[in-house]
Amino acid sequence: MSFDEDDHVVLSDEHSEYDGQEGRVTQVMENMFGDATYTVSFEDGQETGIPEDDLSPADETEE
């Protein structure tokens, strides 16, 4: 599943300080292999270069 800017996602990366946190996609980039990577902003920072496999859609019912 691909994501677009402003999508709310949950990061699943045990090596990240934001593991398990919900954030918002702020930028979609394509790497040299043609795969999408993402910049995601969280409440207290952001992380760049996140592969699609480490993201899942956030629960939209919290709005």
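Predicted model: local features only at pLDDT ≥ 70, side-chain atom pairs only at ≥ 80, totals over all residues.
Student: Which residue of β3 stands opposite R24?
Tutor: That's S41. Strands here are DSSP runs of E with at least two residues, numbered from the N terminus.

Student: What pLDDT does the chain average?
Tutor: The average is 93, and 94% of the residues score at least 70. pLDDT is the predictor's confidence in each residue, from 0 to 100.

Student: Where is confidence lowest, and where is it highest?
Tutor: Lowest is strand β4 (residues 45-51), with a mean of 96, and highest is strand β1 (residues 8-11), at 98.

Student: Back to the strands. In which sense do β2 and β3 pair?
Tutor: Antiparallel, over 6 bridges, with β2 covering residues 22-30. Pairing takes at least two DSSP bridges between the strands. The β2 and β3 hairpin has 5 residues between its strands, and G34 there takes a positive phi near 85°.

Student: And how many bridges join β3 to β4?
Tutor: There are 5, and those two strands also run antiparallel. The hairpin that joins β3 to β4 does it through 2 residues.

Student: How many of the residues in β3 are buried?
Tutor: 5 of its 7, so the strand is mostly covered. Buried means under 20% relative accessible area, exposed is over 50%, and partly exposed is in between (1.4 Å probe, protein chains only).

Student: Let's take T37. Why is T37 called buried?
Tutor: Because its relative accessible area is 15%. T37 sits in β3, which covers residues 36-42. Setting aside neighbours within four places in sequence, T37 is in contact with Q27, V28, M29, N31, G49 and I50. Contact means heavy atoms within 4.5 Å.

Student: Which residues make up the largest nonpolar core?
Tutor: There are 10 of them: F3, V9, L11, Y18, V25, Y38, V40, F42, I50 and L55. β3 gives the most to this core, with 3 residues. A core like this is a set of buried Ala, Val, Leu, Ile, Met, Phe, Trp, Tyr and Cys residues joined through side-chain atoms within 4.5 Å.

Student: Which residues does V9 contact, beyond its sequence neighbours?
Tutor: Leaving out those within four places, the list includes F3, V25, V40, L55 and S56.

Student: What does S56 touch, then?
Tutor: F3, V9 and V10, not counting residues up to four places away in sequence. S56 is in strand β5 (residues 55-57). The C-alpha atoms of S56 and M1 are 8.4 Å apart, though 55 residues separate the two along the chain.

Student: Why does D6 count as partly exposed?
Tutor: Because D6 has 49% relative accessibility. R24 is partly exposed too, with a relative accessible area of 33%.

Definitions and conventions
Residues numbered from 1 in each chain as written. Heavy atoms only, no water. Helix = DSSP H or I, 4+ residues; strand = E, 2+ residues; numbered from the N terminus.
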